[in-house]
Amino acid sequence: TPRLEVAGLSRRFGARAVVADLSLAIAAGQVTCLLGPSGCGKSTTLRIIAGVDRPDAGTIRIDGRVVCDDRVAVPPERRSVGLMFQDFALFPHLTVAGNVGFGLAGMDRQTAAARVGELLERVNLPGFAAKYPHELSGGEQQRVALARALAPRPRVMLMDEPFSGLDNRLRDGIRDSTLDLLKETGTAVLLVTHEPDEAMRMADEIALMRDGRIVQQGAPYNIYNAPADRAAAAFFSDINVIRGISRGALTETPFGVFLTPGHADGAAVEIVIRPQHLKIELDRNGRGPSPDTRNGAAARGIVTRARFLGRESLVEFRLEADGTRLTAAVPGVFLPRAGAALWLMIRRDR
Ligand code: ADP
């Protein structure tokens with residue numbers, strides 16, 4: 001059984017369906033990121049799973065036990081879920097130990113104290129027990145919040161933009177150590193974020209959400225490389241669009257013919273390619289014969305602008321055939337001149 005299983009979850013505010021028939025399952029030790037633009041219903045979903053809001057329809061199971069359906073509503077504190085939100089909301093009048101031990105009220109003092117000590121070790125804050133929140137850095141507060149959430153050994157951890165209050169320099173390190181700890185404890189994690197980079201870094205699975213629905217779910221590699229539609233592609237990076245008209249099962253473009261079955265004759269077809277997946281043929285420099293197209297498609301373009309960004313160069317092109325404007329992101333070792341004519345390649349597997 002999955003640690004967390006959500007089926008057919010729906011929530012309306014007035015006439016508006018903010019969460020619409022949403023389903024997902026998360027196994028022990030698995031991190032799923034609910035990713036989507038602001039306002040698409042991520043936090044509402046999380047609040048319903050936490051038990052602080054009720055759905056209009058749907059079932060939530062934790063370790064196979066129904067905690068929410070049209071008859072059952074287990075209160076938040078009895079769902080075995082840990083919560084971590086952006087504003088860590090540590091209790092300012094309690095010490096670090098008081099904060100971490102807050103959810104251990106039912107435990108005898110000695111066991112609770114041992115558990116607090118163990119967790120402070122795990123989040124790398126030994127010796128911090130007697131300090132107060134205002135004496136800690138943002139990163140340290142975040143680790144205390146994590147320890148507090150994990151102290152009662154929740155089966156499911158719900159995190160809403162938990163790292164967005166931290167400065168960039170700290171963030172990656174804290175993300176990684178948080179991930180290690182969550183994996184170690186076997187908690188099922190549902191993490192809400194609107195940042196693709198964060199989702200790619202943290203997730204075993206990304207559930208891409210739009211208008212209250214999950215539009216695509218899968219490993220970061222698969223979602224990035226095989227997006228469900230144009231909007232799913234554009235959520236992760238800039239995209240190039242090459243246009244053509246469908247003729248039978250084919251679409252004619254400046255890059256030659258693409259196999260595009262399933263479109264009506266005469267339908268407008270858009271071929272979407274990420275800048276990172278557009279290659280420049282270096283050695284021909286536009287002068288030689290057209291490149292080998294057995295493994296891809298090629299078109300000639302004129303460089304309109306090229307910028308060096310360090311790791312990569314962004315090269316903008318205008319296609320000779322029809323003036324389409326495209327951008328290629330190529331390794332930063334390469335920076336062509338504006339005005340150069342070059343072959344652009346799309347590898348067949350892209
Ligand atoms: P996200 O977390 O993806 O940014 P939210 O789940 O917070 O999105 O909100 C989704 C939509 O539902 C937003 O348009 C928000 O204004 C609306 N909404 C959230 N909570 C309420 C509420 N209690 N009453 C009315 N509308 C709400």
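Asp-63 is partly exposed, with 28% relative accessible area; this class lies between buried (under 20%) and exposed (over 50%), as judged with a 1.4 Å probe on protein chains only. The structure is a predicted model, in which local features need pLDDT of at least 70 and side-chain atom pairs count only at pLDDT 80 or more, while totals for chains, interfaces and linings use all residues. Residues are numbered from 1 along each chain as its sequence is written, and side-chain values use heavy atoms, with hydrogens and water left out.

Side chains of opposite charge can pair when their charged atoms come close. Asp-63 takes part in a salt bridge with Arg-3, their closest N and O atoms being 2.9 Å apart; the term requires a side-chain nitrogen of Lys or Arg within 4 Å of a carboxyl oxygen of Asp or Glu. Arg-3 lies in the segment before strand E1 (4-13) and Asp-63 in the loop between strands E4 (57-62) and E5 (65-68), so the pair ties together parts that are 60 residues apart in sequence. Here helices (H or I, at least four residues) and strands (E, at least two) are DSSP runs numbered from the N terminus. The whole structure contains 21 salt bridges.

Another of these pairs joins Arg-201 to Asp-172, at 3.5 Å from N to O. Because Arg-201 lies in helix H6 (residues 196-202) and Asp-172 in helix H5 (residues 168-185), this pair ties together parts 29 residues apart in sequence. Helix H5 also holds Arg-175, which is linked to Glu-195 in the loop between strand E8 (188-193) and H6, 20 residues apart. Arg-175 is buried, at 6% relative accessible area, whereas Glu-195 is partly exposed at 23%. Through shared partners, salt bridges join Asp-172, Arg-175, Asp-176, Glu-195, Glu-198 and Arg-201 into one network.

The interior may be considered next. A nonpolar core is a set of buried Ala, Val, Leu, Ile, Met, Phe, Trp, Tyr and Cys residues joined through side-chain atoms within 4.5 Å. The largest one has 42 residues, and Val-100, Leu-146, Met-157 and Met-159 have the most contacts inside it. Helix H4 (residues 138-150) supplies the largest share of this core, six residues. Apart from it lies another core, of 27 residues, including Ala-50 and Val-192.

No disulfides (pairs of cysteine sulfur atoms within 2.5 Å) are found in the whole structure. For Cys-40, the nearest cysteine sulfur is that of Cys-33, 13 Å away. Cys-40 is buried, at 4% relative accessibility.
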